[in-house]
Amino acid sequence: KMIFHVYYWMKMYFSIISKQIMARVFIFFFLIISNSIFGQKKAFNGFLIDYSYQFPLGQLAETFSNNSAIGINLINKKENNFFYGLKAAYIFGGNIKDNTIFDNINTGNGFVIDGNGTFANIILLQEGFSTNIFGGYAIHLNESNPSGVYFSAGIGFLQHRIRIDTKNQYIPHLNSDYKKGYDQLTNGINTNFVVDYIYFENKKRLKVYTGIDYSLAFTKNRRAYNLSEMSINENKLRLDQLLGIHFGIIIPINRKNNEEFHYF
């Protein structure tokens, strides 16, 4: 027992220390970026709206299949090619890989019985969201045209869960409280890395972009009890990963007096 307790507390200690180091590294990174970009004259800013098709990796792929995400970015770019901003995305999907979630309340045929004694119609969906602050640098082949490759990195928050849709049926085993024991609500610190190509066509005012994004999140299951396994959650640290391909449009939010738009 003594050895077990020593191991447990050492594991907790190093977990806390690693999180503190990671947080300080990202704070330092954003302080450096902010110091560079806030001292420059604003070049342009705007909203980016995008759709992303994402592939779960690692532990996340054990529960969820491929998903989609709708994101909104608010970005400010400086004349020195540095940029920064905020991003929020809603994550959704319709295929849950784990088919053992309701094994302890299923019939022999694999159905859940509702309060009227009939087979319940239950739909399982993936649902979540992410938020990030980010900073980056743009590379232009032609300095007079903002088209180019944009590299960025960010830190924020990621959450996902299994959404249990019972279609308002009366199912005693799946009331609002019991659903929390099955939904595997998970969240934690998220890091995000993006490479975009942004295209500006001045005459036709076409402003679009596409790219790839990778998220690595340090998360934990936040439910106290797992009804699928009839056990207390151990709240182990998870490494949730998402690799996405996205494309979007750019909406301007400022205009100069000479009627010339500046987009990002």
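What follows is a chat about this chain, going from the overall layout down to single residues.

Q: Where does this model come from, and how are residues numbered?
A: It's a predicted model, where local features need pLDDT of at least 70 and side-chain atom pairs count only at pLDDT 80 or more, while totals for chains, interfaces and linings use all residues. Residues are numbered from 1 along each chain as its sequence is written, and side-chain values use heavy atoms, with hydrogens and water left out.

Q: What's the average pLDDT of the chain?
A: The average is 81, and 77% of the residues score at least 70. pLDDT is the predictor's confidence in each residue, from 0 to 100.

Q: Which stretches have a pLDDT below 50?
A: Residues 1-19 are below 50, and that stretch has two contacts in the model beyond near neighbours in sequence. Residues 28-42 are below 50 too, with 25 contacts in the model beyond near neighbours in sequence. A contact means heavy atoms within 4.5 Å. Where pLDDT is low, the predicted coordinates should not be read in detail.

Q: OK, the overall layout. How many helices and strands are there?
A: The chain has two helices and ten strands. Those are DSSP runs numbered from the N terminus: helices are H or I with at least four residues, strands are E with at least two. Along the sequence the pattern reads α-β-β-β-β-β-α-β-β-β-β-β.

Q: What share of the residues is buried?
A: Of the 264 residues in the chain, 41% are buried. Buried means under 20% relative accessible area, exposed means over 50%, and partly exposed is in between (1.4 Å probe, protein chains only).

Q: And which residues have the most contacts inside the largest nonpolar core?
A: Phe102, Leu174 and Tyr182, in a core of 19 residues. Strand 5 (residues 148-165) gives the most to this core, with three residues. A nonpolar core here is a set of buried Ala, Val, Leu, Ile, Met, Phe, Trp, Tyr and Cys residues joined through side-chain atoms within 4.5 Å.

Q: What does Phe102 touch?
A: Not counting residues up to four places away in sequence, Phe102 touches Val112, Ile122, Leu124, Ile164, Leu174 and Tyr182. Another core, of ten residues, lies apart from the largest one; Phe83, Tyr150, Ile198 and Tyr209 are among its members.

Q: Strand 5 came up. Is Phe151 there buried, partly exposed or exposed?
A: Phe151 lies in strand 5, and it counts as partly exposed because its relative accessible area is 39%. Leaving aside neighbours within four places in sequence, its contacts include Phe83, Gly135, Tyr137 and Val194.

Q: Switching to charges: how many salt bridges are there?
A: A search of the whole structure finds seven. A salt bridge is a side-chain nitrogen of Lys or Arg within 4 Å of a carboxyl oxygen of Asp or Glu.

Q: Which residue does Asp183 pair with?
A: Asp183 pairs with Arg223, with the closest N and O atoms 2.8 Å apart. The two link distant parts of the chain, 40 residues apart: Asp183 is in the loop between helix 2 and strand 6, and Arg223 is in the loop between strand 7 and strand 8. Both Asp183 and Arg223 are buried. They also belong to a network of salt bridges with Glu127 and Arg161.

Q: What else does the Arg223 side chain reach?
A: The side chain of Arg223 reaches the backbone oxygen of Lys180 at 3.3 Å.

Q: What about Glu234 and Lys236, buried or exposed?
A: Their side chains meet in a salt bridge (3.2 Å, N to O). Glu234 counts as exposed because its relative accessibility is 61%, and Lys236 counts as exposed at 53%. Asp240 and Arg238 also meet in a salt bridge, at 2.7 Å, N to O. Asp240 counts as buried at 1% relative accessibility, and Arg238 counts as buried at 18%.

Q: Last one: where is Asn132, and what does its side chain contact?
A: Asn132 is found in strand 4 (residues 123-139). Its side chain makes a polar contact with the side chain of Asn190 at 3.3 Å. A polar contact is a pair of N or O atoms within 3.5 Å; within protein, one must be able to donate a hydrogen and the other to accept it, and residues adjacent in sequence count only if both atoms are side-chain atoms. Asn132 is buried, with a relative accessible area of 7%.
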